[in-house]
Amino acid sequence: MRSMVERERHRLAVEPFSEAVVNEFIEGECGKAHGVGPGEKSKLVEQFRRCNAQIQSGTSPLVHITLARELLNIPREVEGNVVECGTWKGASAAALSLVCSHIGRRLYVCDSFQGLPDDDGKQLHYGPHVGIYGYYKKGMFEGSLGEVKANIARCGNLDVCEFV
């Protein structure tokens, strides 16, 4: 089982920036309504890579591109903000904050900032993208509010964020 986890982690590490996904995001129509063109989207891709390189994350930059594409496709006249539930160290929040700054929306970052509760060994978990195979323990995936804010300030846009 552990070798399967390692193979999956390697596969995920190689796939996230397939050329087709990146090119479709950069050259595609998303962002047009918000005045976000290929140059800004190319810069976002590099910033997403930086987020994941500098902040421990449970998601890949491919996820950030996918979320960005969907957010950039929301018409300007649609009101609302963006909510992230569970932030760990803030890599996804940093990426989302960059997109929110382009589309004029607030990002609500929601977390206990204390990590997960202990699952008492009741449920076996498989998370190849973060190297988890086993049971969750109290405090796993903990990122303090200060740590998350510092990570977003370093790699994202703290000005668009509210913390809950």
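What share of the contacts in the protein with a separation of 6 or more comes from residues 24 or more positions apart? Keep that in mind while browsing these views of a predicted model.

**View 1. The whole protein, element by element.** Let's start with the parts list: the protein has six helices and five strands. Now for the opening question: residues 24 or more positions apart make up 69% of the contacts with a separation of 6 or more.

View 2. The protein has 164 residues, and 37% of them count as buried.

**View 3. Helices α4 and α5 side by side.** Here we zoom in on α4, residues 61-72, and α5, residues 91-103. Their axes come within 10 Å and cross at roughly 25 degrees. Angles under 35 degrees count as roughly parallel, so α4 and α5 are roughly parallel to each other. The crossing of α4 past α5 is right-handed.

**View 4. Who touches whom between α4 and α5.** On the α4 side, the contact is made by His64, Leu67, Ala68, Leu71 and Leu72. On the α5 side, look for Ala91, Ser92, Ala95, Leu96, Val99 and Ile103. Sort this contact by class and you get nine nonpolar residues, two polar ones and no charged ones.

Terms used. Residues numbered from 1 in each chain as written. Predicted model: local features only at pLDDT ≥ 70, side-chain atom pairs only at ≥ 80, totals over all residues. Heavy atoms only, no water. Axes fitted to C-alpha atoms, helices over the stretch in contact; angles between N-to-C directions. Helix = DSSP H or I, 4+ residues; strand = E, 2+ residues; numbered from the N terminus. Parallel < 35°, antiparallel > 145°, perpendicular 65-115°, else oblique. Left-handed = near helix turned anticlockwise from the far one by under 90°. Contact = heavy atoms within 4.5 Å. Nonpolar A, V, L, I, M, F, W, Y, C, P; charged D, E, K, R; others polar. Buried < 20%, exposed > 50% of the residue type's maximum accessible area, 1.4 Å probe, protein only.
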